[in-house]
Amino acid sequence: MTSPLRGNWSYPTAIRFGEGRVGELAEACREAGIGRPLVVTDPGVAQLPMAAAAIETLRRGGLEPSLYADVKPNPTESNIAAGLDALRAGRHDGVVALGGGSALDAGKAIAFMGGQTRPMWDFEDIGDNWRRANAAGILPVVAVPTTAGTGSETGRAAVILNEATRTKVVVFHPGMMPRVVIADPALTLGLPANLTAWTGMDAFAHCLEAYFALGFHPYADGIALEGLRLVKRCLPAAHADGRDLAARAGMLAAAQMGSTAFQKGLGAIHSLSHPIGAAYDTHHGLTNAVVMPYVLVFNRAAIADKAAHIARVLDLARPGFDGLLDFVLDLRGRLGIAETIAALGVPARDLDRLAERAAIDPTAGGNPVPAGVPEMRRMLQAAFDGRI
Ligand SMILES: [Fe+2]
């Protein structure tokens, strides 16, 4: 008899966690084997003192950095192409990815593509596409997150917008995991309250969907549960007072734990959120938070026992699935998050098309209840009408 307890497990990377540790950036680059880093960031972060400080730290450490700062909020194929030009022109041997999820994803994609001859879309996260890559050519990345949400710094994929088809494509390779992460909660202190809420809800969605995803992965489950507990404790505090460093630190850890856990899988929250974000440029974490309760209700029969366990771990007022649903609705309300996708600007006439795209999103397979086009359409309608 064979045992059903099988899985492929991979765990994250070297993480230097703590206030002020961005001062170790040059040392981290050397540890990753980088002498000439291309610093990849977005125009907003590039204007902040932390970007100049990072470049200065690298120079003082004897490294030769240059800056590529044109990453868009949803990074595009042309962003990656321009970054690759900068990488090659400067003969860089690695990337420092500094910023939120977009800059980190772009930095990882640029370092990955630095060693490839095939076009980027050949590495879309479908089946074993990643095996087409030249793994030896992937350049090392040092990731320095400035938001607490996507956890891209401890992830092996990048989400890139295909401008021709207006779809978000997940590009995956195990070698895209950053070699070293500097997790300095002080870098997240300046994040405004709305972005704190939205990115934090992305971390929450990762832990939640990973925990509910099918498959045997007790490491991921344990990490997801503790991530949920950290979000419950720290997200309202970080949202209420952005200077609360302990809450910021808790959220930064939770974000990394979310992306570590979701190698087990995600689900329909992300399947619905990806096409909405691609079509209307809505914030990813915000979109997740809006659709979250409708997906939970759709999955109810399959997740009731796990939801009851979450309610116990989070010490929620009401037990069982209803306790978790109440908690999510209350958290969403306290963070000032919209209740419907209509409020995000999604028009009713697009729901059919969005359902088609959601059903083929790579995350759809992880949903605990099989969800094809009609099921996605039903969830979209509920999220449009605000019908829990
Ligand atoms: Fe996400």
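The radius of gyration used here is taken over C-alpha atoms, and the globule rule is 2.2 Å times the number of residues to the power 0.38. For 388 residues a compact globule would come out near 21 Å, and the protein's 20 Å agrees with that. Before we go on, note that this is a predicted model, in which local features need pLDDT of at least 70, side-chain atom pairs count only at pLDDT 80 or more, and totals for chains, interfaces and linings use all residues. Residues are numbered from 1 along each chain as its sequence is written, and side-chain values use heavy atoms, leaving out hydrogens and water.

Let's turn to the iron ion. Its protein donors (N, O and S atoms within 2.8 Å of the metal, or 3.2 Å for Na, K and Ca) are Asp202 (OD), His206 (NE2), His270 (NE2) and His284 (NE2), at 2.1 to 2.3 Å. In sequence they follow the spacing D-x3-H-x63-H-x13-H. Asp202 belongs to helix α6 (residues 193–212) and His270 to helix α9 (residues 268–280), so this pair ties together parts 68 residues apart in sequence; helices here are DSSP runs of H or I, at least four residues, numbered from the N terminus. Asp202 is buried, at 2% relative accessibility, and His270 is also buried at 2%; buried means under 20% relative accessible area, with a 1.4 Å probe and protein chains only.

Definitions and conventions. Helix = DSSP H or I, 4+ residues; strand = E, 2+ residues; numbered from the N terminus. Buried < 20%, exposed > 50% of the residue type's maximum accessible area, 1.4 Å probe, protein only.
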